[in-house]
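Subject: Structure handover and findings

Hello,

Here is the structure for you to look over. My notes follow below it.

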Amino acid sequence: MSSYKLKRTIGNVIAYIVLVLISIIWLFPFVGLVCQSFRSYATESGGMVSYLLPKHFSLDNYKYLLFEYPQFGKWYMNTLIIALFVAVLQTIVILCVSYALSRMRFKGRTALMRFWLVLSMFPGFLTMICLYFLLKQFGLTQAGAVPGLILVSVASSGMGYYVCKGFFDTIPKALDEAARIDGASRARIFFTLTIPMSKPILIYTALVAFMAPWCDFVFASYVAFGHEASYTVAVAMQRWVWTNDYQGFFTRFCAGGVLIAIPVTLLFMFLQKYYVEGVTGGAVKG
């Protein structure tokens, strides 16, 4: 074996060892969460313990959340409704804004993109107080928190055009010009030509929008504060361990975390191919 191949083999071995170690460290909390969710609440302590694998595997925690604790189903449905509406509406807004910035040339276009870029650098929590009082004027807090969270997520989605616009820039403009010569309007070109060719970025945008509400805690807790029926799962479970015995409800908390991760995990697994294509395609041009 030549010295070059030997060095390459040693380098690959070291790289794989490092990646395996990183994967173990990264996956360990998730494995622990799943294992603890199957720990029997009746035969073992419901609190935290010093061992990882349960002594007695049981579905008691899942049965409790799905059939004996109706509030969890309400919180889950709130989050699912927000995620579905945000995924559809936010995707439509981002696609339209990205297409306009990619294909159309108008006065102030560059200044608008620069302004949005600078504006997006500021953390969102700086506007929480202002948004809360604005939503409160329209009755979209506490009892109306679900439509309020949908409105806020969709209203600000236009500034997330970066990746989608980059993908549209990779589609040859000659196709649009040929369609325009044939008499097609901008809208027809967008819906019948551009969208069918943009399946990866379409799925990427919808998937990212769908995942966001499941992880949102700060703003969701701020808007729905004090009204349990409007909680999302992130807010509810955090308040749940505050208002109940954390040690006693620890295994049920772990089971809830597994149930929350299921829809996002399944979507990502089935759409991973398009997710990667959307990211890499949108990163070609800015």
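Predicted model: local features only at pLDDT ≥ 70, side-chain atom pairs only at ≥ 80, totals over all residues.

Helices (H or I, at least four residues) and strands (E, at least two) are DSSP runs, numbered from the N terminus. Residues are numbered from 1 along each chain as its sequence is written, and side-chain values use heavy atoms, with hydrogens and water left out.

**Loops**

Gln-142 sits in the loop between α5 and α6. Its phi is near 55°, a positive value in a residue other than glycine. Most residues other than glycine have a negative phi. Gln-142 is partly exposed, at 34% relative accessible area. The terms run as follows: buried is under 20% relative accessible area, exposed is over 50%, and partly exposed is in between (1.4 Å probe, protein chains only).

Leu-53 belongs to the loop between α1 and α2 (60–68). Leu-53 is exposed, with a relative accessible area of 56%.

His-227 is in the loop between α11 and α12. His-227 is partly exposed, at 28% relative accessibility.

**Helices**

Which residues of α5 are buried? They are Met-128, Tyr-132 and Leu-135. Seen down the axis of α5, these fall within an arc of 70°, so they line one face of the helix. The arc is that of the directions from the helix axis to the C-beta atoms. The face turned away from the buried side carries the exposed residues Ile-129, Cys-130 and Gln-137.

Lys-165 is found in α7 (residues 162–170). Is Lys-165 buried or exposed? It is buried, with a relative accessible area of 5%. Its side chain makes a polar contact with the side chain of Asp-169, at 2.9 Å. A polar contact is a pair of N or O atoms within 3.5 Å; within protein, one must be able to donate a hydrogen and the other to accept it, and residues adjacent in sequence count only if both atoms are side-chain atoms.

Phe-85 is in α3. Phe-85 counts as partly exposed, at 46% relative accessibility. Phe-85 and Ser-153 are 68 residues apart in sequence and 9.7 Å apart in space, C-alpha to C-alpha.

**Pockets**

On a 1 Å grid over the protein atoms alone, a pocket is an open set of points where a 1.4 Å probe fits, with protein on both sides within 12 Å along at least five of seven lines; lining residues have an atom within 4 Å of a point. Grid points are joined across faces, edges and corners, and a volume is the space filled by probe spheres set on the points.

The largest pocket has a volume of about 1300 Å³. It is lined by 40 residues, and Val-152, Ser-153, Ser-156, Ser-157 and Met-159 are the closest to its centre. α10 gives the most to this lining, with six residues. Other helices that each supply at least two include α3 (70–103), α4 (109–120) and α6 (145–155). By class, the lining has 29 nonpolar, ten polar and one charged residues. Ala, Val, Leu, Ile, Met, Phe, Trp, Tyr, Cys and Pro count as nonpolar, Asp, Glu, Lys and Arg as charged, and the others, Gly among them, as polar.

The second largest pocket holds about 800 Å³ of space. Of its 26 lining residues, Phe-30, Leu-33, Gly-257, Ala-261 and Thr-265 lie nearest the centre. Two or more residues each come from α1 (3–37), α10, α12 (233–243) and α13 (250–282). α13 gives the most, with twelve. The classes here are 22 nonpolar, four polar and no charged residues.

**Cysteines**

The structure holds zero disulfides, a disulfide being a pair of cysteine sulfur atoms within 2.5 Å. For Cys-164, the nearest cysteine sulfur is that of Cys-96, 9.5 Å away. Cys-164 is buried, at 2% relative accessibility. The sulfur of Cys-215 is 17 Å from the closest cysteine sulfur, in Cys-254, too far for a bond. Cys-215 is exposed, with a relative accessible area of 64%.

Best wishes
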